[in-house]
Amino acid sequence: MADKRKPWAEPYKIKVVEPVKMTTREYRIEKIKEAGYNTFLLRSEDVYIDLLTDSGTNAMSDYQWAGMMLGDEAYAGSKNFYYLESNVQKFYGYKYLVPTHQGRGAEHLLSQSLIKDGDFIPGNMYFTTTRLHQELAGGTFVDVIIDEAHIPDNLHPFKGNVDIQKFEDLIKKVGADKIPYISVAGTVNMAGGQPVSMQNIKEVKQMADKYGIKVVLDATRAIENAFFIKEREPGYADKSIEEILFEFCSYTDAATMSGKKDLLVNIGGFVAVNDWELFEELRNLVVVYEGLHTYGGLAGRDMEAMARGMEEAVQYDHIRSRIKQIEYFGNQLIENNIPIVKPIGGHAVFLDARAFYDHIPQINFPAQKLAADLYIESGVRAMERGIVSAGRNRETGDHNYPKLELVRLTFPRRVYMQSHLDVTAYSVNELYEKRHQAKGLKMVYEPKYLRFFQARFEELS
Ligand SMILES: *Cc1c(COP(=O)(O)O)cnc(C)c1O
C-alpha cells in the first residue's frame with residue numbers, strides 16, 4: 001500500500017499562465033439568469049473553475065506546441081497526415097485513417113456509410129452525438145449496457161460492459177441483417193466514465209462475429225479505459241497502457257475518435273477502419289462534409305498536435321495523474337457523504353442530483369438546477385446529464401426519463417491543480433448543507449436538436 005501521508009503533485013509544471021476572473025455572488029446570480037439557468041450559455045470569462053467539459057479544454061505540452069510550428073499546410077498530402085496515420089496504426093492498430101474536424105464528424109461519416117433506414121444499432125448506453133447521427137442515418141439506437149450501469153452506487157468494476165445476453169436477444173428479435181454494427185464506447189461517458197473490461201470486448205467480438213456484425217469502438221476515451229483495465233482486471237497489471245490499448249482495439253473493426261479528449265488537443269478527430277471498402281466510402285464522403293481525406297477539416301498543425309498528443313496520452317505517469325486527480329476530488333465528496341456515481345469514473349465526477357435534490361421532481365430538472373446553483377455558489381461551471389440531455393422520444397414526443405439524473409464535473413487534462421479541486425469540493429459541500437432551500441425549474445425555450453446546449457429555464461416561484 002502506498003503511504004497515505006506522502007504528498008503527491010501533478011507531473012507537469014507551469015510555463016504559461018491564463019489569469020481567471022474572480023466574481024461576486026450577486027454578479028453570478030445575474031449572469032446565470034441571463035443564461036437561462038443553462039451553464040452552456042454562460043460566457044467563459046465569467047467562470048472561475050471551468051468543469052463544463054474535458055472536450056478540447058486540454059492544456060497542450062511544449063512538445064505539442066513545438067509541433068504546431070511544423071504544420072505542413074498543403075491542401076493535399078500534408079506530412080502531418082502521414083505522421084498521424086502512422087501513430088494511429090501504431091497505438092490503435094487500425095489500417096486506414098480518415099481525419100475529421102472532431103468526433104461527431106467521424107460519427108456522421110461512419111453512420112452514413114453503414115446504417116440503412118430501419119436498422120438497429122446496439123450500444124453500451126448512448127452518447128448524445130453518436131445516437132443522433134445514428135438516428136439521422138435512419139437507425140434506432142438500442143441500449144445493451146449491463147443493468148448495473150443504471151444504478152448510481154453499484155460498485156461493479158466495469159460498469160461500461162455490454163450485456164451479451166441483451167445483445168443476442170436483440171439479434172434474435174430484429175435479425176442480424178438489420179444490425180450493421182454494435183457501437184461500444186470505453187469508457188462510457190453517460191454512465192459516469194465507467195470502463196469496459198478486456199474480457200467483455202472479447203465476448204462482444206465473438207458474438208458479433210457469429211452473426212456477421214461489425215464492432216465499432218468509440219475510442220474517444222479508450223486510453224482512460226486502458227488505465228482501468230490495468231488497475232482492475234486480472235492479468236493486466238504488468239502490461240503497459242500502450243499494449244492494453246492495442247489489444248482492446250484488436251477486438252474491434254473500426255473506431256471513431258474525438259481527439260479533444262484522450263489525445264490532449266483542442267480540436268481534431270478521426271475515423272479509423274480495417275476494411276478497405278468501408279475506407280473507400282468514408283474517404284469519399286469526407287470530401288463532401290469535412291475536406292480532402294488527408295486533412296478532414298483540420299489544419300496540418302492540428303494533425304501534428306494530435307499525433308504528438310497520442311504519444312503523451314499513453315504515458316503511464318500522465319494517465320495515472322489524470323485519473324487519480326479525479327479520484328482525489330471524488331473521495332473528498334464521498335467523505336462528506338455527498339451522493340455521487342460510484343465507482344469514480346475516468347474523466348469526471350457525477351453528482352447524483354436525484355438524491356442531492358430529492359425534493360425536486362425530475363420534470364422540474366433537478367440536475368439543471370444543481371449545475372446552476374453550483375455556479376452561483378462558487379463560479380464553478382458543471383453540466384447537466386439528466387432529463388434535459390436525454391431529449392424526447394421520437395415516437396411519442398414525450399421527454400425521455402433517464403434513470404440517471406446527474407451533474408457532471410469534468411476535469412480538463414493538465415489544466416487544474418489539486419488546490420482547484422479542493423476549492424470545488426468545498427463549494428459542493430456548502431451547497432449540500434443548504435440543499436433543502438433549492439427550487440426546481442421550468443423550461444421556457446426548447447431547441448429541436450441536442451436541446452441541452454441551448455435550452456432556457458426559469459426558476460419556479
Ligand atoms: C465528445 C464525445 C463524442 C463527440 O466528439 P466531439 O469531438 O465532441 O464531436 C463522441 N463520443 C464520446 C464518448 C465523447 O465523449
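Reader: What volume does the largest pocket have?

Author: About 1400 Å³. The model is predicted, so local features need pLDDT of at least 70 and side-chain atom pairs pLDDT 80 or more, while totals for chains, interfaces and linings use all residues. Residues are numbered from 1 along each chain as its sequence is written, and side-chain values use heavy atoms, without hydrogens and water.

Reader: Why is it called a pocket?

Author: Because on a 1 Å grid over the protein atoms alone, a pocket is an open set of points where a 1.4 Å probe fits, with protein on both sides within 12 Å along at least five of seven lines. The volume is the space filled by probe spheres set on the points, which are joined across faces, edges and corners.

Reader: What makes a residue part of the lining?

Author: Having an atom within 4 Å of a point. For the largest pocket 35 residues pass, with V16, E18, A59, R414 and V415 nearest its centre.

Reader: How do you know where the largest pocket lies?

Author: Domain 1 (25-54 + 316-459) and domain 2 (62-313) both give residues to its lining, so the largest pocket lies between them. Those bounds come from an automatic or database domain assignment.

Reader: And what is the volume of the second largest pocket?

Author: About 1000 Å³. R131, E135, A390, R392 and N400 are closest to its centre, out of 35 lining residues. Domain 1 and domain 2 both contribute to this lining too, so the second largest pocket lies between them.
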